[in-house]
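Let's work through some exercises together on how a protein chain packs. Take a look at the sequence and the model, then try each task before you read its solution.

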Amino acid sequence: MTVERTAAYQRASRTLMASVVPTSAAMASGFAAAAVLAKEITDSETLAGVAAAMMQVGSVAMTVPLARRMARLGRRRGLVAGWSIGTVGATLAFLAAVADFYPLLVVGIIGIGAGNATNLAARFASADLAPDDRRARAIGMLVWSTTFGAALGPTIALGPASAVAEFFGLPELSGPYLLGMVLFVIGLMVTHVWLRPDPLEVLGTVGQAAARPAPLRVVGRRIATVPAARLAVIAMLTGQAVMVGVMTMTPLHMDNGDHHLRVIGWVISVHVIGMFAFSPIVGWLVDRIGPYLMVGLGGVILCIGAETAAHNSAEDSAGMFAGLLLVGLGWSFGLIAGSALLTSAFPVAQRVEMQGGADLLMTGGGAVAGLSSGVAMEHFGFHSLSHWAGLSALLLVAAAAAAWYAARQEQEKPVSYRGAG
């Protein structure tokens with residue numbers, strides 16, 4: 001790397017890490033309150049699950065437009081636009097809590113989901129200028145930086161922020177969304193001011209996709225025909241679906257056991273710690289031992305975590321703390337290994353669109369899991385939901401083993417993602 005590129009990489013890394021701390025807190029605080037607020041308004045677990053799942057729907061809707069905007073105008077302008085939509089979403093959700101109006105809450109959570117898609121896109125921005133042998137660590141460090149915001153967000157939102165809202169005569173659950181409005185603005189301003197030079201401008205790819213962005217079917221075909229990209233998407237999609245399915249219904253399961261909002265917030269915070277806090281170690285392991293083993297291990301950890309939660313009664317919390325921590329950790333394995341593998345699978349000029357397509361599939365899987373989780377819980381209960389989510393995570397073990405075997409057959413290194421595809 002040249003001195004200029006190294007300086008740009010370090011500046012971009014610091015800026016992105018500073019940006020995702022408040023925006024991840026905004027997203028996590030909004031999600032933590034969504035299901036409980038929706039149930040208060042509608043008295044329906046199914047509609048509560050639908051409202052919480054709108055976070056994933058918003059992510060799905062934003063993923064491809066966000067990637068295309070970044071390819072055309074650069075990472076900075078794409079990130080600012082995404083977090084601006086998140087700010088509008090938090091504002092609408094706040095108004096929904098005040099007005100006790102469910103449809104407005106649904107629209108607001110969709111907007112917050114757009115902010116969540118932007119947080120996901122930031123991990124790829126952190127890897128744009130990273131050396132090839134440190135790409136997973138760059139992604140891991142960016143994901144790790146979200147720990148502070150995402151872990152503290154639910155605790156602050158369902159504790160001090162709710163108390164402040166009550167103090168001013170507002171509904172208790174309007175507090176998390178008032179907090180989210182402020183935090184999204186802080187994150188987008190940090191990016192707007194300091195993400196210069198833009199990483200894609202340094203790579204010289206800005207505007208290359210402006211004339212004719214690849215159709216989604218082309219993006220999907222490219223991903224499906226490149227073995228490394230295929231495994232990457234399976235890892236990210238399965239991890240997202242299992243994680244969202246279990247996490248979405250956890251607040252309702254604990255609320256049914258008469259747990260205080262603060263305890264529910266702590267469980268979600270511990271879950272978020274599992275998702276993000278160990279990311280630098282996970283990234284280092286991916287760079288050292290490769291993605292195949294890490295994806296397989298992620299599937300095993302996801303399964304154990306979901307089963308732990310499944311065998312915990314609504315009145316107890318210890319199993320929920322342990323289970324949700326492991327579910328978050330298993331998700332981290334799949335996300336970081338898959339993201340690094342995907343980034344290395346395509347040339348620089350194609351990466352942004354392929355990353356957008358992969359995130360579309362990942363968030364789409366999460367949206368389906370979130371939307372179906374409320375129905376599954378209402379008809380079969382949280383225990384069955386979590387149990388079957390855990391069993392489905394074992395798909396990652398089979399997918400990783402098949403990819404490792406195919407790599408050996410082609411005389412590729414099974415413990416390195418470099419040069420894959």
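**Exercise 1.** Find which residues touch the most other members of the largest nonpolar core.

*Solution.* Start with the term: a nonpolar core is a set of buried Ala, Val, Leu, Ile, Met, Phe, Trp, Tyr and Cys residues joined through side-chain atoms within 4.5 Å. Buried means under 20% relative accessible area (1.4 Å probe, protein chains only). The largest core has 128 residues, and L105 and Y177 touch the most other members. Helix α1 (residues 3-42) gives this core its largest share, 16 residues; helices are DSSP runs (H or I, at least four residues), numbered from the N terminus.

The model is predicted: local features need pLDDT of at least 70, side-chain atom pairs count only at pLDDT 80 or more, and totals for chains, interfaces and linings use all residues. Residues are numbered from 1 along each chain as its sequence is written, and side-chain values use heavy atoms, leaving out hydrogens and water.

**Exercise 2.** Describe how α12 and α15 pack.

*Solution.* First, the angle: helix α12 (residues 291-310) and helix α15 (residues 382-393) pack at about 170°, with axes 7 Å apart. Axes are lines fitted to C-alpha atoms over the stretch in contact, and angles run from 0 to 180 degrees between N-to-C directions. Next, the direction: the two helices are therefore roughly antiparallel (angles over 145 degrees). Finally, the residues: contact (heavy atoms within 4.5 Å) involves, among them, L302 and A306 of α12 and F382 and L391 of α15.

Technical notes. Buried < 20%, exposed > 50% of the residue type's maximum accessible area, 1.4 Å probe, protein only. Parallel < 35°, antiparallel > 145°, perpendicular 65-115°, else oblique.
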